[in-house]
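Q: Please take a close look at one site in this model. Walk me through what surrounds it, and then through the backbone and helix packing.

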Amino acid sequence: MNEKVTPYLRDLALNNPAIQLQFHRSPEEDALKRFQLEDPLEEDKNEVVKGLVHKYSNRALIKVSLRCAAHCRFCTRYRQIGSAEGDLEETDIDNMATYLSSNPQIDDVILSGGDPLYAPKTTINILKKIRDISSIKVFRVGTRLPVHNPSSFESPLLKRTVNLIDEIGEKKPFFMLINFQHPNELTEETLKVVRSLRRRNITLLSQTVFLKGVNNSVDNLMELFQGLYHNGVIPYYIFRCDYVKGVERFVCDIKEEQEIMTLLRSRLSGIACPTYVVDVPGHGKIPVPLSYWDNVDLSHCRDFKGQEIPLDYS
Ligand SMILES: *Cc1c(COP(=O)(O)O)cnc(C)c1O
Ligand code: SF4
């Protein structure tokens, strides 16, 4: 994954290590090589037609493209981001629409990537083709563009995209999941985008990843989740950093994460406290128990089918 930042982020990163660490390439990325897996979440295996991942029975995830306005060094899709291999043709989009229509158990469609709002033309094409499939009840779009490049929301193409989302959101719930990692990302420019989105038929949620050296402290995350909540964004998930080749330097100690989340749960409004999950390779997103009960054992967990999975965090 190449280094890529926007001029906006370059300015924000000045004297701001929490931002620098997220975007600046480190030699450690090649040196550590502790994790072997490039695709631990087995997305490639679950890709049923090009660009469409169907892993959980009622939900489908569309990779709109593999491009983003900036490249986050901790990205789960480290192996792919920035490449043209994920660009979709008209026929790929038709195939997705056909798959979604013929699998009516899918009621929840997630546009992801890459950043769907960084590929607005493709996003518009996809949404126009699937908006009227009656079995789809809920739409979501994941993005980090409000953090990477807030001023791009003033471009005509992005305005058209947001207008379309708003129009669909009038009929079916539309959730926007914005990726936030640190309170320093809540700038006036980004909050202006958040306020403009709040006036639309869109419910705003956030997603965060525990990142060593960036946000693994009670104070940072308290400020982040409170700041999001105060601005009308509901913190949805905080993930344990995936065991992906290249992102080793960001993975925190799981006990530390558990302690942080336990303290946050005591201090934050319930709505402001996200669910802490680990995406277990081959099994999906499993919530991690907080320390309110005695004898919690983090050496193994069970997935949603009841299967026991040993976890190695050494
Ligand atoms: C995360 C994810 C989803 C959505 O999961 P939720 O827990 O419903 O937010 C759906 N499909 C894939 C492949 C995912 O990785
Ligand atoms: S915006 Fe999302 S998909 Fe793009 S590099 Fe960052 S984490 Fe990865």
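**The site of ligand 2**

A: The largest pocket is the space taken by ligand 2. Keep in mind that this is a predicted model.

Start with the shell. Which residues are around ligand 2? They are Cys68, Ala70, Cys72, Cys75, Ile81, Gly114, Arg144, His148 and Asn179. By class, the shell around ligand 2 divides into five nonpolar residues, three polar ones and one charged one.

Now follow one shell residue into the backbone. The peptide bond joining Gly113 and Gly114 is cis. Omega there is about 10°.

Helix H5 covers residues 120-130, and helix H7 covers residues 156-169. Their axes come within 9 Å. They cross at roughly 25°. That angle is under 35 degrees, so H5 is roughly parallel to H7. The H5 and H7 crossing is left-handed.

Helix H9 (residues 218-230) and helix H10 (residues 254-267) have axes that come within 10 Å. The crossing angle is roughly 45°. H9 and H10 are therefore oblique to each other. H9 passes H10 in a right-handed crossing.

Asn15 is not a glycine, yet its phi is positive, at about 55°. Where does Asn15 lie? Asn15 is in the loop between helix H1 (7-13) and helix H2 (17-23).

Terms used: Residues numbered from 1 in each chain as written. Chains lettered and ligands numbered in written order. Predicted model: local features only at pLDDT ≥ 70, side-chain atom pairs only at ≥ 80, totals over all residues. Heavy atoms only, no water. Near = heavy atom within 4 Å. 1 Å grid on protein atoms, 1.4 Å probe; cavity = no way out; pocket = protein on both sides within 12 Å on 5 of 7 lines; lining within 4 Å. Sits in = over half its atoms within 2 Å of the grid points. Nonpolar A, V, L, I, M, F, W, Y, C, P; charged D, E, K, R; others polar. Axes fitted to C-alpha atoms, helices over the stretch in contact; angles between N-to-C directions. Helix = DSSP H or I, 4+ residues; strand = E, 2+ residues; numbered from the N terminus. Parallel < 35°, antiparallel > 145°, perpendicular 65-115°, else oblique. Left-handed = near helix turned anticlockwise from the far one by under 90°.
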